[in-house]
Amino acid sequence: MVDAGEKARFYFVICSETEIARSEAKAFDLAESDGSGGSKPFRIVIARNGKGEYHAYRNACPHQGVWLNIGAGKFFDETGELLQCGRHGAKFAVETGTCLSGECEGAQLEKVGVAVLDGDVCVHGVALLEEDFSRGHDDDMEDTMEITIHS
């Protein structure tokens, strides 16, 4: 059996690199170890900037912890260059996760390790589990992708 610390060193395929266009982002519902043998939701957003680089963050605004993609599942502001909290309008630099304006100015989105391997977008540095937390969501997450990790 592989423990949570060992799993955190693995790369987990989330989607094909072609599934996220430049200046777009998608939410994914995953599960991670809670450190005591159980699991907890691990909701992330993977964003691709205009240069084609991928960046991943926990899908939670530092202002009140709400999901960034409230409503229609959009993450970018009207310029297509900044991530934006759908509830409060805070704007974040895609490359760093730093809040540039809004209620949480100067705060950071929590970064998640992301890499592209053999055409797949993968996350790493977290102990993901095989569990589905997509049931019971509010309508706020209508465009969230569901991912299952197979061992």
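1. Let's start with a strand pair. In this predicted model, strand S6, residues 91–93, runs antiparallel to S7, and two bridges join the pair.

2. Three strands make up an open sheet with the order S5-S6-S7, paired in the antiparallel sense. S5 (82–84) and S7 (99–101) are the edge strands; each has a single partner strand, so one side of each has no neighbour in the sheet. From one strand to the next, the twist averages 40°.

3. On to the cysteines. How many disulfides does a search of the whole structure find? The search gives zero. As a reminder, a disulfide is a covalent bond that links the sulfur atoms of two cysteines.

4. Take cysteine 15, which is in no disulfide: its nearest cysteine sulfur belongs to cysteine 122 and lies 8.8 Å away. Is cysteine 15 buried or exposed? It counts as buried, because its relative accessibility is 4%.

5. The cut-off explains why: a disulfide needs two cysteine sulfur atoms within 2.5 Å. Cysteine 104 is also buried, with 8% relative accessible area.

Note on methods: Residues numbered from 1 in each chain as written. Predicted model: local features only at pLDDT ≥ 70, side-chain atom pairs only at ≥ 80, totals over all residues. Heavy atoms only, no water. Pairing = 2+ DSSP bridges. Helix = DSSP H or I, 4+ residues; strand = E, 2+ residues; numbered from the N terminus. Axes fitted to C-alpha atoms, helices over the stretch in contact; angles between N-to-C directions. Buried < 20%, exposed > 50% of the residue type's maximum accessible area, 1.4 Å probe, protein only.
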